[in-house]
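Good morning, and thank you for coming. Please look at the sequence and the structure on the screen while I take you through them.

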Amino acid sequence: MTIREHAAAAFVFLLGLFIGSFLGAASYRIPRGISIVWPPSACPACRARLGAADLIPVASYWLLRGRCRHCGAPISKRYVVIELLTGVLFAGVYAAATRGFGAALDWAGFGAGASLASLLLLMAVIDLEHMRLPDTVNAAGAVIGFGLALLGAGVVTPAHALYGAALGFLVVVVCESIVLGHSPIAVDRADTN
Ligand SMILES: [Zn+2]
């Protein structure tokens with residue numbers, strides 16, 4: 001790897017940390033029905049609004065020694081873990097999109113891979129905590145995936161993307177109807193969103 005390639009990989013890792021910071025907040029807010037843009041981040045213990053210095057991925061947690069600067073309440077480690085995981089995932093996607101740092105960056109492939117990695121991580125975190133996958137995140141994934149197919153990212157044509165989405169949806173509906181005895185759509189309407 002040349003110095004330029006090292007710098008590019010480091011930049012992508014940093015980008016992943018910031019996206020991870022957003023994913024951490026989203027993983028807390030989406031299942032609780034809170035907007036992901038409003039209100040601004042606050043300490044869950046003392047409600048003090050967090051400033052830019054409190055929101056630097058990983059560094060803020062480290063500098064504040066894992067505690068709120070206002071009330072000293074411990075900050076959940078999940079946010080740092082999600083930030084670091086996103087950074088590593090982004091670096092991995094970047095490595096794949098440059099064929100092991102050797103080739104020119106496949107921008108469309110990187111965009112598709114980074115979007116998919118972000119969504120899957122968000123889904124996994126929400127699933128771990130709540131044992132469910134919110135419709136809103138699923139739908140966002142479908143829209144992003146179809147949009148990327150329309151733009152020609154990756155190897156999937158728009159028709160294939162639609163076909164795959166329909167097939168995946170059908171498999172889930174049929175399996176859950178058999179297991180639960182009713183449609184999973186009805187379950188989601190009843191206890192979520
Ligand atoms: Zn606090």
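I shall begin with valine 58, which counts as partly exposed because it has 17 C-beta neighbours inside 10 Å. By definition, a residue is buried if 20 or more other C-beta atoms lie within 10 Å of its own, exposed if 12 or fewer, and partly exposed in between, with C-beta atoms placed from the backbone. Valine 58 is found in the loop between α1 and α2, and its phi is positive, about 60 degrees, although it is not a glycine.

A word on the source. This is a predicted model, in which local features need pLDDT of at least 70 and side-chain atom pairs count only at pLDDT 80 or more, while totals for chains, interfaces and linings use all residues. Residues are numbered from 1 along each chain as its sequence is written.

How confident is the predictor? The mean pLDDT (the predictor's confidence in each residue, from 0 to 100) is 88 for the protein, and 93% of its residues reach 70 or more. Confidence is highest in α3, at 96, and lowest in helix α7, residues 184–191, at a mean of 54. Where pLDDT is low, the predicted coordinates should not be read in detail.

Now the overall picture. The protein has seven helices and zero strands; these are DSSP runs numbered from the N terminus, helices being H or I with at least four residues and strands E with at least two. The C-alpha trace spans about 50 × 50 × 25 Å along its principal axes. Of the 193 residues, 19% count as buried.

Let us return to the loop between α1 and α2. Arginine 47 also has its place there, and it has a positive phi of about 65 degrees although it is not a glycine. Arginine 47 counts as exposed, because it has 10 C-beta neighbours inside 10 Å. Proline 39 lies in that loop too, joined to tryptophan 38 by a cis peptide bond with omega about -5 degrees.

Cysteine 43 is partly exposed, with 18 other C-beta atoms within 10 Å. With 11 C-beta neighbours inside 10 Å, cysteine 71 counts as exposed.

I turn next to a pair of helices. The axes of α4 (residues 107–130) and α5 (residues 135–150) come within 11 Å and cross at roughly 170 degrees. Axes are lines fitted to C-alpha atoms, for helices over the stretch in contact, and angles run from 0 to 180 degrees between N-to-C directions. The two helices are therefore roughly antiparallel, since angles over 145 degrees count as such, under 35 as roughly parallel, 65 to 115 as roughly perpendicular and the rest as oblique. Residues of α4, including Leu119 and Leu122, meet residues of α5, including Ile144 and Leu148.

Glycine 181, which follows α6, has a positive phi, near 80 degrees. Thank you for your attention.

Note on methods:
Two residues are in contact if their C-beta atoms, placed from the backbone, lie within 7 Å.
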